[in-house]
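User: I have a few things to ask about this one. Shall we walk through it together?

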Amino acid sequence: MIAEPLINHRFIANFAKYRYLLSELVKRDIKIKYRRSVLGIFWSFLQPLFTMIILTIVFSQLFKSNIENYPVYLLTGKLVFDYYSAGTRAAMGSILSNASMIKKVYIPKYMYSLGVIFSNMVTFLMSLLVLFLVMIATQATFTMFILTALIPIVLLLIFTIGIGLILATLTVFFRDIEHLYGVFVTMLLYATPIMYPAEIVPESFRFIQTLNPLYAIITLFRDSFLYGTFFDMGTLLFATASSLIALALGIGLFYKYQDKFILYI
Amino acid sequence: MGETVIKVENVGMEFNLSQEKTDNLKEYVIKLIKRELMYQSFWALQNISFEVEKGDKVGILGLNGAGKSTLLKLISGVMKPTEGTITLKGMISPLLELGAGFDHNYTGRENIYLNGAMLGYPKEFIESKFDEIVEFAEIGDFIDVPLKNYSSGMIARLGFSIATVVEPKILILDEVLSVGDAKFREKSEQRMKSLLNKDVTVLFVSHSLDQVRNLCNKALWLEKGKLVMQGSVEEVSASYEESIHQAK
């Protein structure tokens, strides 16, 4: 094997070499998360289910006339949002929490960030089972459009990797980003129509929704599961473009500063 | 002579030794406004150039703080040099710290796979060497016990066993020969010797001159980040010893 790319961070050769490490990191993250809990992996089903039940009890009366199947409406939004929130937060801490390893062993550093983003993806995909169960329980109609959900899921992954890499880089240099971002995520949760219908927001504030890439992804996701229609082209285009831009920014920033990480961790 | 496997050219490594570490946004902005962002630079290594040929065993001598570990970190790729270039040929196995990649909530078995993956071994390779690793580390029944219940000696033995199961082209050793109890030390030194007899290239850092003389054929002498001398192990270690005695 040639060690030159090892130093030059040549992406392809390196990725092939450490592909197995990535799967090990994903496995570790999932295993450790549930190791000491009795119900283990079932928590990734129970957690969204309970949240959905609570929020449905609280809000469904409120929005009864606007939303026909509130549990599914809520769950589609909440699952996507929770994945984004958990994935980006985990990625944000991924460099710092592996500091001791980064100082001692050479591994492409993005592996740590990708590892947690992928492991959260695994739990996200499992929690889709809850969505199916709730859809059956609420007698929602299943259409062929459910298959198109793959597109928003891939976009969500790309978007989360992009934002995750940006946050991981910034957090190495500025630790308080972690707290700031916590506030931002809460704000985002309420700014995105997840628990409430989009229409209740006054016209003059609708731009918050149209400019929100995460809401675009949620809309696509709802088109597949809830409404059983094909995507609105404008929304699809916006979601794709913003995911790719986030990814490009993330990779660019991470690669530019990764050699300095070791001096700050 | 053989081909060059490690080529270090004009390498320098600069660290920022600001008195207070600015690692949060608030302080950064305040200091930026007050123009107090101070950068006090410190060169851990400067103008280092040398070449290592295939099969060479190079001892790196120097007092604490001479830049030995920094040099090894640069060669293993953990850090990137501020200036200069390092060129490597061949797979490198850095033994900077044994068990660095271990997860203490993980069992011995799981850690073998994880740590092996971190060293860049493919899965099939780890599977085929699994029994050998376990046997050499003398872990026995503890293999399915989380690492946090291991003794420190067991962890070190496992780390050593995983790291030396490959036959790397370039081996980097940072004082790792003193692992475990007397019995295991003997075993590990034997494995080391058998690795050394093959044509691996070794970079070796130790404070023990005897060990360096025993294992190496060439030596580098670093002092305060500068390369003072390089050459055969006899010459360099003799002058190094002399300078230490003079300083006393």
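User: How many helices and strands are there in chain B?

Analyst: Ground rules to begin with: this is a predicted model, where local features need pLDDT of at least 70, side-chain atom pairs count only at pLDDT 80 or more, and totals for chains, interfaces and linings use all residues. Residues are numbered from 1 along each chain as its sequence is written, chains are lettered from A and ligands numbered from 1 in the order written, and side-chain values use heavy atoms, with hydrogens and water left out. Helices (H or I, at least four residues) and strands (E, at least two) are DSSP runs numbered from the N terminus. For chain B that gives eight helices and nine strands.

User: What share of the residues in chain B is buried?

Analyst: Buried means under 20% relative accessible area, exposed over 50%, and partly exposed in between, using a 1.4 Å probe and protein chains only. Chain B has 248 residues, and the buried part comes to 50%.

User: Which residues touch the most other members of the largest nonpolar core?

Analyst: A nonpolar core is a set of buried Ala, Val, Leu, Ile, Met, Phe, Trp, Tyr and Cys residues joined through side-chain atoms within 4.5 Å. In soluble globular proteins, nonpolar side chains tend to be buried together. Here the largest core holds 139 residues, and the ones touching the most other members are Ile75(B) and Leu158(B).

User: And where is Asn10(B), the residue with a positive phi?

Analyst: Most residues other than glycine have a negative phi. Asn10(B) has phi near 45 degrees, and Asn10(B) is partly exposed at 46% relative accessible area. Its place is strand E1 (residues 4-16) of chain B.

User: Is Lys224(B) buried or exposed?

Analyst: Lys224(B) is another non-glycine residue with a positive phi, near 45 degrees. Lys224(B) sits in the loop between strand E8 (218-223) and strand E9 (226-232) of chain B. With a relative accessible area of 71%, Lys224(B) is exposed.

User: What is the volume of the second largest pocket?

Analyst: On a 1 Å grid over the protein atoms alone, a pocket is an open set of points where a 1.4 Å probe fits, with protein on both sides within 12 Å along at least five of seven lines; lining residues have an atom within 4 Å of a point. The lining here has 14 residues, with Ser44(A), Gln47(A), Asp82(A), Ala86(A) and Thr123(A) nearest the centre. Volume is the space filled by probe spheres set on the points, which are joined across faces, edges and corners. For this pocket it is about 340 Å³.
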